[in-house]
Amino acid sequence: MSKKKPNHKVTHRKQQRANKKIGKAPGTVTYLGFREGQKSKVIIIEYDDNAFQVHQTDDVEKILDFKKSPSTSWINVVGLSDEAYIETLGKAFELNPLIIEDAVNTSQRPKIDEYEDYIFCVLKMIYLDANNELVSEHVAFVLMERTVIVFQELQEDVFNGLRERIQTKSGRIRSRGADYLLFALLDAIIDNYFVVLENINAKIELLEEEVYDNPKPETARKIQDLKKEVLRVRRRIFPVKELINRLIDTENPLITKDTKLFLKDLMDHCLEINESLQIYREMSMSLLEMYMSNVSNKMNEVMKVLTIMASIFIPLTFIAGIYGMNFSYMPELQWKYGYFAVWGVMLTLFIAMLIFFKKKRWL
Amino acid sequence: MSKKKPNHKVTHRKQQRANKKIGKAPGTVTYLGFREGQKSKVIIIEYDDNAFQVHQTDDVEKILDFKKSPSTSWINVVGLSDEAYIETLGKAFELNPLIIEDAVNTSQRPKIDEYEDYIFCVLKMIYLDANNELVSEHVAFVLMERTVIVFQELQEDVFNGLRERIQTKSGRIRSRGADYLLFALLDAIIDNYFVVLENINAKIELLEEEVYDNPKPETARKIQDLKKEVLRVRRRIFPVKELINRLIDTENPLITKDTKLFLKDLMDHCLEINESLQIYREMSMSLLEMYMSNVSNKMNEVMKVLTIMASIFIPLTFIAGIYGMNFSYMPELQWKYGYFAVWGVMLTLFIAMLIFFKKKRWL
Amino acid sequence: MSKKKPNHKVTHRKQQRANKKIGKAPGTVTYLGFREGQKSKVIIIEYDDNAFQVHQTDDVEKILDFKKSPSTSWINVVGLSDEAYIETLGKAFELNPLIIEDAVNTSQRPKIDEYEDYIFCVLKMIYLDANNELVSEHVAFVLMERTVIVFQELQEDVFNGLRERIQTKSGRIRSRGADYLLFALLDAIIDNYFVVLENINAKIELLEEEVYDNPKPETARKIQDLKKEVLRVRRRIFPVKELINRLIDTENPLITKDTKLFLKDLMDHCLEINESLQIYREMSMSLLEMYMSNVSNKMNEVMKVLTIMASIFIPLTFIAGIYGMNFSYMPELQWKYGYFAVWGVMLTLFIAMLIFFKKKRWL
Amino acid sequence: MSKKKPNHKVTHRKQQRANKKIGKAPGTVTYLGFREGQKSKVIIIEYDDNAFQVHQTDDVEKILDFKKSPSTSWINVVGLSDEAYIETLGKAFELNPLIIEDAVNTSQRPKIDEYEDYIFCVLKMIYLDANNELVSEHVAFVLMERTVIVFQELQEDVFNGLRERIQTKSGRIRSRGADYLLFALLDAIIDNYFVVLENINAKIELLEEEVYDNPKPETARKIQDLKKEVLRVRRRIFPVKELINRLIDTENPLITKDTKLFLKDLMDHCLEINESLQIYREMSMSLLEMYMSNVSNKMNEVMKVLTIMASIFIPLTFIAGIYGMNFSYMPELQWKYGYFAVWGVMLTLFIAMLIFFKKKRWL
Amino acid sequence: MSKKKPNHKVTHRKQQRANKKIGKAPGTVTYLGFREGQKSKVIIIEYDDNAFQVHQTDDVEKILDFKKSPSTSWINVVGLSDEAYIETLGKAFELNPLIIEDAVNTSQRPKIDEYEDYIFCVLKMIYLDANNELVSEHVAFVLMERTVIVFQELQEDVFNGLRERIQTKSGRIRSRGADYLLFALLDAIIDNYFVVLENINAKIELLEEEVYDNPKPETARKIQDLKKEVLRVRRRIFPVKELINRLIDTENPLITKDTKLFLKDLMDHCLEINESLQIYREMSMSLLEMYMSNVSNKMNEVMKVLTIMASIFIPLTFIAGIYGMNFSYMPELQWKYGYFAVWGVMLTLFIAMLIFFKKKRWL
């Protein structure tokens, strides 16, 4: 939000994107992201208790074979702008066209759809990039028997730890099925939400210090930007709770009772994240109140200085003005110690004023 | 809201309209819009997998024939002020009088009523007109077997893309029934809501820049107008969610299970729109906070300038006043370098004040 | 709220009324209104498809006869302070004493009570009186077979249009039963709520103009009074929604399925009214924000004028003070063009200040 | 809240009380009130349709006899600090120890517990004492067959009207059972809540006048105290609604269907009280807003006076300063009408300023 | 919050901790607290109606024996950083690995999980430490048949009173089972929440006095810190209500009907605590409003002093300036009593101003 131009462009693009969809038939597979012209890449991780293999292929037939194999397959489709290819892939896997549309629609809000043979869910991967800025990436999952298809825009993701665990056979993942893989993927995403929260928390603490120690007009803007960031993150994370809940409540046999125990644990994390976001929201509102109260306090201080200076010197100047008058008959002017007497009066007044302001606790 | 006079007139008319209804029997077909004296026009689009035809007729008997034909009919009634004609039409189609009353009542809030043979729903078409101003038009649908009747006030609408798709046979629409047509109509309306949202978003961003860079008293008014716009749009869009939900939950066989899948997708859009409106509301409130904080900051700056100027020159003027007194015995006046000494004192004071204000970070 | 004295009296009376009830046995018929000493008047409108008659009588026996007649009777009891008479009437109609107590209790909140043989409901008739001020009158209905008893305080009411419709046989009313009459009565009351809303809306628009064009300290008070009015109206209207809902959901055969369709329509009106009141509430809160922001802006303007005047003339006065000193050796005083040189310096300073303030956009 | 010292003591005592309970076994009968060392007193009112008697005794056996007698007994236990005696009493009546603990625990929030043979409920009696200050007293009821036991701290209560009605046989009370007695007791308490509300309302009106006519810094404090009072009253009254609701819904035969009708009426009162408290809360918040807006307006007025005075006289003083300079060559000083010309200039400036401020509507 | 450095460190550690978990397999037992490197210590209190014994052992086998013994065992595991040991213990007791993970995860929010053979719950022990600062400690319970396992970080806890009661056989605890022990443990924790609330209440009262008597810029900060403290405490206490509720509703035979009565009592305490926290939240918000209104009032006072001083002396100085001009023809200067006349004018003006300000109630 610090640079204004790009912002405008984004709006422009959003508008274009909004227009792009209007008038099209529902179910039309339309990529709505910013990374057009990319070719999709498909990476398959196939594993069971004993074996582990990574494949890369574009051949839809070959990909379909992995689905049929008895081991668990994680089919990673990277790059979503190649609409035709993804449509072909979807048809090969007998996915509903609406599913494919949502998998590619990067502005789709988190949701879950259950079909007889597969469960589809979309959510947002949120992480900090190299510049410590929040990046939100669209990611869609299709859970089928022995297979999870993952649709994502970029190869870089939050799943590296998980890939390593599969390869090194650490934890339970190798001995469990596709539903556990889906859980592990969701777990990786939600674990990253905590990093995002920590980042927001750190920003709040920094702003808090800035507000207390040296509030500047820019501080208010930073607080507002923080508030917007919390709003945005919340909007992306909030529906995930409902999604997990639906996975827990589903009667679809694709999700085993065992995995549901793990999903309940994930649910706890979601609740905790939502609570934190609620608290961050209240804290950022408090920050602005604090800021405003500081501005008022500073104004008070400014006014006190002005009032003290003016109240002390205006009367003194008046006295000096009196004896600067040119009346021909002003007896005091002739008094021998008149000048010193006036100094005395002025000093007395000066000290009286100081005591008055001291009493009022303005000094 | 920028011109005050018309506003008043609107109120006046509203009042008249409110009065117009009072005392009348419920179920009386009373047009409440602003476009009186228009003759209704009926345009019928009839299509099936193979054929496509557009008809225009006033003859109620002929219109009724379309209902009986085996192909799907989209009966578009344009112009709602011709109460008598619409009542005749309603009776011909055996619609409940209450339905006809609501179809014509342009101030009816979005709602849905299920009857045995038809489903009735009202909502608001919101779009940007040529002047980029929000226009909200009343539109009512009656879904019957193989027929959708659309009641609207003006011929211009958001359905042109849909008409084209029917004509060019793009998408699934030609091979599906009247319930899919209703879905497609709702989809067109809701897709346009996104354009409205983008417009609001753009206004928020413009106001944000104005608030940060050059806030004027008018800015506050613009923010309030934006808030009211968000309120108004929200009021019109919010009940649509419930409407779609009822369509999904209905057990009426007029809506097929297949179409419900599409309606669920529409439901997602509604949820997203409501979330966005909620966020826009919070953002417009933040804008006002920002504006007020900027006003306070500016006041602070004004006060600092005044305080600095007054605090520096009032004491110096006092010193000058001292030596402007006319006492006959004032030793300093006779000193050779008295004048320069006073200058020295004044300069010292001046610099001391500057350092003091520098330290307070007011300079 | 503009006159303080009467207000106090009201409180006093309320207190008295509150005290009046305390210690009495529940079910004691106690009139709590302000119009004591009135004799009750009973007007009966009796109608069916063919006949229409208006009667007026005090004789409880005769009134009871109307109940037994096969035509529909609207028994209008006007004046509620004659507690003994109303109690007799209630006993004659075999009404529960608690019902009679509530019918007479003008401070009863809107509610509905279902008994086996009758349905009782209380609500508030709100309308604008001759002085355009809101008046809220207590009205209670008892729906029995072929009979509706209406208890009200004053003869003037919002039912004149309905009476006319019955007499002139316009609409469906003459051909339908007592439940439709109850609906028509409720409809008349709720239709009037819209007039009240329009009145509030007009007040908001007037205050909006006042806030933008010429805010005065009284404006804040007017806004607060408006807020209170919205609160009060809301309190009286809000429970009506629940009341209608209960009428729709009841399984009591007194309400026919046909009439329930009409009640559902009424329900829509209630929802719309509640939404409007919610929006008026938010708008009146926005008004106060606007007012406060205007006050701040005005303060800013005042401060700028002060700062500009002071910042320009205080330094100039200082310079004049310098050359008003009486040192015996002040070389500038002897310079031929000293005086003009000082004028030059002062003008330069003056212009410099103007440019400075221009740059700060304070001018 | 007006005196600070006692406040502290209260906190201290509360702390002590909190500590007093910690570490004790749950179910330990511990008196938590301020009136320790009192001996409990038991007064029994025994009545049926024909007889009425008042007894006073300490003898647990005798008290137990009343329970067995066929007439209705109201057993009033006054003074709760005598923990041992109350425990004995509880055991004699076969009450659960937890019940006895709650009966004595004066900080227990309103609640209801149903057991097989009795229903227990606790609530707060709120009334105005002789000094018109709110007093909140703990009162607990046990409803058994033909018996109501009332536990209270002080003999003075809000039941005098009820006692009189029993004695004078007015109303239905003498012919009905113990459940009606419980209702009558609750009714007496809730009727008093209305007096409390009227008192709050009167305070709001007084503060409103103070805010509008003569707001002082203390006014803000009074408003805050009012807000706290509303909060406190609300906290004590709010759970009563739930309590009554549970009494209405209970399937325990101790409460007859007939009495439930009366309880429903009481429920209405509770709803009305809660609505009023909600409105008072909003009104007290409005009061503070009003106060703040008045403070701002006053500041504005102060600033205007300052700005007008300074803006008029600072330039004039500057002109006088000019001609007070001692340059040896100042042509104007020698002009014959120079002095009067300067007066003319100054008057012109003075009038110009007045017109300027008039135009700005500051005068 | 008063020292900034440690704060930062905490954030840092939190970040580290967040990172520590990321990429690890779910169900990995990972200690997230600050007290690493501690060896776990297990203390067992074994008791029944007749016997009471305290044991300390590390031997998992021996610990397991206590579970099998017919008396009730309270197995206290102190120190959670020894992940390996705790995992062994968990396996010995056949606990689900997820349970063990949550028992050790000190940032787990309060929750309850029911399994067939045991019930697991986590909550926060909140108490005041020696420095009167709030300390929040993680504590986890596993209720099994005749056994409660308690996981906690530090030996110091709020259970000393309970231990004493077991040892001295006071109250019912010795004659009841493990479910009552769990209740007693929860009761001890919740009783301590009241102490925490009293502490918050005392802080509010102190801040209230500070706000009214001597508000300083730091006061606003203290209020904000209080608000954050209330938020934090609320976050930790709020879910406990749900936890107790689940214990009451469970159909698991581990919790007897008898104990549920006690849990209902505990539920009341939770409700009361939540209400109090809600009220504290509103009170702390009121504090800030009060503070801001005081700041405004002080500013008003400052401005009044300035305005009075300036308004009185600026015109007087102007008059003195007039007669300080050096025009050669100024008739007043030659008047005999000119000087005294000017004094008279000035005094009149001075008094007029005083009366003016008196009238405006600024003096």
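How many residues of chain C are in contact with chain B, and with how many residues of chain B? The legends below refer to a predicted model.

**View 1. The contact between chains C and B.** In this contact, 54 residues of chain C meet 51 residues of chain B. On the chain C side, the elements that give two or more residues are α5 (160–168), α6 (178–213) and α8 (257–322) of chain C. The most is given by α8(C), with 30 residues. Sorted by class, the side of chain C that touches chain B holds 23 nonpolar, 17 polar and 14 charged residues.

View 2. The copies use different surfaces, since 17% of the contact residues of chain C recur in chain B.

**View 3. The open sheet of chain E.** Seven strands of chain E form an open sheet in the order β2-β1-β3-β7-β6-β5-β4, with mixed pairing. Its edge strands, β2 (52–56) and β4 (111–114) of chain E, each pair on one side only. Neighbouring strands of this sheet are turned against each other by 20° on average, direction ignored.

**View 4. Strands β3 and β7 of chain E.** Strand β3 (residues 72–78) and strand β7 (residues 147–152) of chain E run parallel and are joined by six bridges. Trp74(E) has Val148(E) in β7(E) as its bridge partner.

Notes. Residues numbered from 1 in each chain as written. Chains lettered and ligands numbered in written order. Predicted model: local features only at pLDDT ≥ 70, side-chain atom pairs only at ≥ 80, totals over all residues. Pairing = 2+ DSSP bridges. Helix = DSSP H or I, 4+ residues; strand = E, 2+ residues; numbered from the N terminus. Axes fitted to C-alpha atoms, helices over the stretch in contact; angles between N-to-C directions. Contact = placed C-beta atoms within 7 Å. Nonpolar A, V, L, I, M, F, W, Y, C, P; charged D, E, K, R; others polar.
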